[in-house]
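Student: I've just opened this one. Can you walk me through it?
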Amino acid sequence: MANDSPPLPESDEARTPRRAQPSRRSPTAAVLVAVSLLFASEYLGYRATSEQRDAARAVAHSHEVIEQLDGLLVSVLDAETARRGYALTGDEKLLAPTRTAAARATRGIEDLRVLASDNPKQGGRIDDLDRKIHARLAELDEAIVERRKGFDAAREEKATHEGTALMLGTRALIDEMVAEERSLLARREQETRASIEQTRNIQAFGTLVSLGLFLLGVLGLRREIRRREEMEVSLREQETELHRANTFLDSLIDNIPDMIFVKEAKDLSFVLFNRAGEQLVGIPREEMLGKSDVDFFPPEEAEAFVAKDRETLAGKEVVDIPAEPLTTAEGVRWLHTKKVPMLDEDGEPAFLLGISADITERRLAEVELREAHDRAERANRELEAFSYSVAHDLRAPLRSIDGFAQAILEDNGKDLDAAGHEHLGRVRAAAQRMAELIDALLALARTTRADILRSTVDLSSLAQEAGEALRGDRYPKTRLLVATDLVAEADPRLLRILLDNLLSNAFKFSQNADAPLVEVGAVSPADAEEGAIVFFVRDNGIGFDLENAKKLFGAFQRYHKGAEYEGTGIGLATAERIVSRHGGRIWAESAPGKGSTFFFVLERGGES
Amino acid sequence: MQTTPIILLVEDNADDELLTVRAFKKSNVANQIVVVRDGVEALDWLFGREEHAGRDTTVQPQVILLDLKLPRMDGTEVLKNLRQDRRTAHVPVVVLTSSKEEEDVLKSYELGANSYVRKPVEFEKFVEAVKSLGVYWLLLNERAPIRA
């Protein structure tokens, strides 16, 4: 079925705030820390590389210095060699290097000064070297000038010695400087190595830690993802459940056989109409939604509906409308409607819920019932009047029959023979019997009329009275034993008739016993059915066979042949009728020759 | 009482009338029975009207035996009427009828009947009843003094 009815207003569950988000911080933090560490170690690496670059540069630098120093030495040596050569040969051409040497030396020293500018110790030495070299070069120049003047072996030797000494000094200095540089180099190398080592360690450590944290972060994130997935799944399941529940509710409302509708509180337009309502009104619900009563029903009806709607919403309580007419496609139907206000969270009316049961049939049935009841009443009354006049009118002729038969016997008895007497006797007996029948029938008819008036009846005294009246002179031998304190909730007249019937039987059928005894009592509480007292009328007479007494309580059913024991056959039918009018039960226990006991229960409240 | 007590029998049934008269005869209680056939005639006799005009209405019955089912005007109407007249207000009325209906009994007493006796079918019993009635109402019962 198409779910075209709008959703009901939000239920409470939907409005509950979502559960708090579990913390995402740890895995994120871990990842962040890992990344930071990575960055840190990268930075350290970068710095180490820079340091190494600097160190390498320093090394190169040192190497340059050393090279420069060597170069310087070579220049000086060149100059020296050139001079000696000239000194020995006097060849001017050999002097070429000396000129360039000075220039080179000077340049070299300047370069060196620049190179060693970072090392003040070296700076001092450079000055020293500068001095020595320039002194030597000056000396060389001097020596050259001297040679030009002429070769002097002694002077040459002295010069060579001086030169050598100076060279040694210079060389020593240079060696010093080289050593210095070398040691610097070594230290630098040492430092570099240490730094590299440290860096590598830090990096390794950092990398490991960051890896570890990264892993933790990843695990954490994975767990988080899994949790999210689970939440999604359960959310989807909840959604499905919700959808299923909603569908079920919608189906429920739609399947309820009574009409159900919901209107907006503001303008009383329909927002929901179930299938039963659709069928009742005969208008498809799509047409009804959004419109209101005035659009579909005659003005007076719609007005009445609206009035009740307003009453419900204003009073904020359920309004019960036992019967109201509704004009449908199939004529007017009668509804029993309940209107329920639906309040929002502020207690203000948001919607109006209506539930209507179609009671048209019931109303018709009620009307019919009332009519039938009236007819039955009328029939009853007619019957009453009829039985009354029947009784009266039927008895009169009987009286005549008996009376005049007796008159004949009295007045003309002496003229009659024995047969005549007997005949008249039978006439009288027949009349008598008929009278009894009429009385019994009247009593039976009376018991079925309305108005059974229950009151608390002293059954003991009633039974005593009835028993004594019945015993009278007819059963002088019979003992009557009535239990004391027997009380019943019954109609006293009918109860009397009941007792009359049962006692009359009891006397009648026990009259031939040796010590005839008629008892009236109640069964002891232990055997009693819950709440109800079981009374009994018992005699020690001839009894009867229960098997053959199926119709014991049927009207006109006689168990004994008419000749043995007179009776109308109506007594027990009457008794049964009275007992069932009281909502009770009557039954008998007996065996041939063992007497009879008739039990009856009266209390069950209400009549049948 | 000088005169023989009068018994007014209001009975429409000829047989019953005969039997009642016979019963009274057998009861050996001296009496004079006046028989009227319906309620209207009963009142006419009591009040000296119509065909009974001229009757001395100071002489009232010792007891009225009244059947309930009567033509023209039934027993309860008769009862009501005669209870309303000073002359007959205190005359003992025995409702003698076949009916044992409670409503009849109650109504009769309410309207002022002194006694309600059911006519038994058996004649002997009827005789017994009549005898008792006769003995009581004619001999034992004290009449209300008649004041004109």
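Student: Which element of chain B has the lowest mean pLDDT, and which the highest?
Tutor: Keep in mind that this is a predicted model. Helix α5 (residues 123-140) of chain B has the lowest mean pLDDT, 83. The highest, 92, belongs to strand β3 (residues 63-66) of chain B.
Student: What does chain B average in pLDDT?
Tutor: The average is 85 for chain B, and 96% of its residues score at least 70.
Student: What are the ipTM and pTM for the model?
Tutor: The ipTM is 0.71 and the pTM is 0.42.
Student: Switching to chain A. How many helices and strands does it have?
Tutor: Chain A has 13 helices and 12 strands. It runs to 608 residues, and 36% of them count as buried.
Student: Now Lys339(A). Where does it sit?
Tutor: Lys339(A) is in strand β4 (residues 331-343) of chain A.
Student: Is Lys339(A) buried or exposed?
Tutor: Buried, because its relative accessible area is 1%, under the 20% cut-off.
Student: Which side chain does its own side chain make a polar contact with?
Tutor: That of Asp309(A), at 2.9 Å. A polar atom of the Lys339(A) side chain also lies 3.4 Å from the backbone oxygen of Phe305(A).
Student: What else does Lys339(A) touch, leaving out residues up to four places away in sequence?
Tutor: Several residues, including Phe261(A), Thr312(A), Glu317(A), Val318(A), Ile321(A) and Leu352(A).

Conventions: Residues are numbered from 1 along each chain as its sequence is written. Chains are lettered from A and ligands numbered from 1 in the order in which they are written. This is a predicted model: local features need pLDDT of at least 70, side-chain atom pairs count only at pLDDT 80 or more; totals for chains, interfaces and linings use all residues. Side-chain values use heavy atoms; hydrogens and water are left out. Helices (H or I, at least four residues) and strands (E, at least two) are DSSP runs, numbered from the N terminus. Buried means under 20% relative accessible area, exposed over 50%, partly exposed in between (1.4 Å probe, protein chains only). A polar contact is a pair of N or O atoms within 3.5 Å; within protein, one must be able to donate a hydrogen and the other to accept it, and residues adjacent in sequence count only if both atoms are side-chain atoms. Contact means heavy atoms within 4.5 Å. pLDDT is the predictor's confidence in each residue, from 0 to 100.
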